Amino acid sequence: MERELALEIVRVTEAAALAAARWMGTGKKNEADQAATTAMRAVFETVNMDGVVVIGEGEMDEAPMLYIGEKLGQGNGLQVDVAVDPLEGTNIVAKGLWNAITVVAVAPHGTMLHAPDMYMEKIAVGPKAAGRVHLDASVKENLKEVAKANNKNISDVVAILLDRERHQPIIEEIRSAGARIKLISDGDVAAAINTAFEDTGVDIMFGIGGAPEGVLAAAALKCLGGELQGRLKPADQEQVERCKAMGLQNPGQILLMDDLIRGEDAIFAATGVTDGELLRGVRYIGNDRAMTHSLVMRAKTGTVRFVEARHQLSKKPHLVLV
């Protein structure tokens with residue numbers, strides 16, 4: 001893929017973040033999500049690519065835009081698969097909490113898993129612990145390996161996972177092993193990314209979350225040299241059949257990095273909507289101006305860029321502002 005596409009993609013996540021951040025703390029998660037989606041699609045229309053959404057807001061009859069199968073870009077240039085989460089953390093924005101981000105991943109056509117909208121069991125680590133954890137290993141074994149890889153005592157290791165009743169057994173195992181825990185209300189894409197940056201204080205992610213978010217996180221960790229393993233958790237026979245229709249004949253298999261994102265050419269971008277360990281949220285600084293803080297990465301080169309931008313909002317008519 002052309003390297004210029006990376007900076008084009010970060011323009012997309014910036015626009016979505018600027019639109020969504022206006023709804024922070026208002027209690028209106030659907031309005032925030034709609035604003036992000038509308039802005040993201042508007043900027044996609046200006047990008048020189050021939051893209052198709054493989055992970056989006058749902059099927060065509062569920063989402064008016066950014067639906068699975070929707071064409072994105074100007075229709076010329078590279079043919080690419082696109083995974084989007086216009087606003088990861090709609091509840092986070094509505095409540096004004098931490099770690100809401102806007103997310104886009106792009107990969108050459110046919111290389112990104114078309115993950116069905118169901119649950120996925122996941123484990124994610126940064127580059128130091130890549131290759132040393134396994135989804136079928138016990139929580140304690142994985143924590144020990146992460147501690148060794150990061151040259152830490154196990155009591156210094158921090159595991160992050162969604163605060164859900166289904167995770168209570170994992171929480172008990174982590175505490176029994178002597179590690180520490182960071183529970184989050186939403187947003188396991190941001191959580192997985194944080195495992196790859198030492199200054200976030202996060203070492204490993206456990207738990208069950210959305211399968212589409214698993215693919216987005218895998219794209220980010222491929223750029224960073226980290227690792228995510230996943231296993232789909234279909235709830236019923238209908239979901240099992242959907243997995244098979246998408247080419248996964250054994251829905252219970254462990255999906256490794258190359259199953260989730262084939263090849264080495266992926267681009268990932270995220271922009272902070274609210275403050276987090278890694279990215280700052282949108283700042284409105286007066287005189288119709290705003291600041292954004294973004295991360296954009298490319299797997300092929302290993303380049304990781306943090307982009308701080310100042311925006312003149314009056315010159316961005318595509319944004320949905322209140």
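In which helix is the place of L5? Select L5, and its place is found in helix α1, residues 4-21. Helices (H or I, at least four residues) and strands (E, at least two) are DSSP runs, numbered from the N terminus.

Before the tour continues, note that this is a predicted model, in which local features need pLDDT of at least 70, side-chain atom pairs count only at pLDDT 80 or more, and totals for chains, interfaces and linings use all residues. Residues are numbered from 1 along each chain as its sequence is written, and side-chain values use heavy atoms, with hydrogens and water left out.

**Stop 1: L5 and its surroundings**

Keep L5 selected. This residue is buried, with a relative accessible area of 7%; buried means under 20% relative accessible area, exposed over 50%, and partly exposed in between, with a 1.4 Å probe and protein chains only. Now display V47, M49, V106 and I267, with which L5 is in contact when its neighbours within four places in sequence are left aside. Contact means heavy atoms within 4.5 Å.

**Stop 2: the open sheet**

Next, select strands β7, β6, β8, β5 and β9, which in that order make an open sheet of 5 strands with mixed pairing. Two strands pair if DSSP finds at least two bridges between them. β7 (180-184) and β9 (227-233) stand at the edges, each with a single partner strand, so one side of each has no neighbour in the sheet. From one strand to the next, the twist averages 15°.

Focus on strand β5 (residues 119-125), which pairs with β9 in the antiparallel sense over 7 bridges. Within this pair, A124 stands opposite L228 in β9.

**Stop 3: the hairpin**

Select residues 289-298 (strand β12) and 303-312 (strand β13), which run antiparallel and are joined by 10 bridges. Within this pair, M297 has V304 in β13 as its bridge partner. β12 and β13 form a hairpin with 4 residues between them, and G302 in the turn has a positive phi of about 75°.

**Stop 4: the cavities**

How many cavities of 30 Å³ or more are there? The count comes to 2. On a 1 Å grid over the protein atoms alone, a cavity is a set of points where a 1.4 Å probe fits but cannot get out, and a pocket is an open set with protein on both sides within 12 Å along at least five of seven lines; lining residues have an atom within 4 Å of a point. Grid points are joined across faces, edges and corners, and a volume is the space filled by probe spheres set on the points.

The largest cavity holds about 80 Å³ of space. Select N99, I101, A190, L278 and L279, which are the closest to its centre of the 13 residues that line it. α6 (188-194) and β10 (267-272) are the elements that give two or more residues to this lining.

The second largest cavity holds about 40 Å³ of space. Its lining includes K122, H167 and D188, and β8 provides the largest share, 5 residues.

**Stop 5**

Finally, turn to the largest pocket, with about 990 Å³ of space. Of its 41 lining residues, E57, D85, L87, D117 and E213 are the closest to its centre. α2 contributes the largest share of this lining, 5 residues. By class, the lining of the largest pocket divides into 16 nonpolar, 11 polar and 14 charged residues. Here Ala, Val, Leu, Ile, Met, Phe, Trp, Tyr, Cys and Pro count as nonpolar, Asp, Glu, Lys and Arg as charged, and the others, Gly among them, as polar.

The second largest pocket has about 200 Å³ of space, and among the residues that line it are G126, P127, K128 and A129.

Notes:
Axes are lines fitted to C-alpha atoms, for helices over the stretch in contact, and angles run from 0 to 180 degrees between N-to-C directions.
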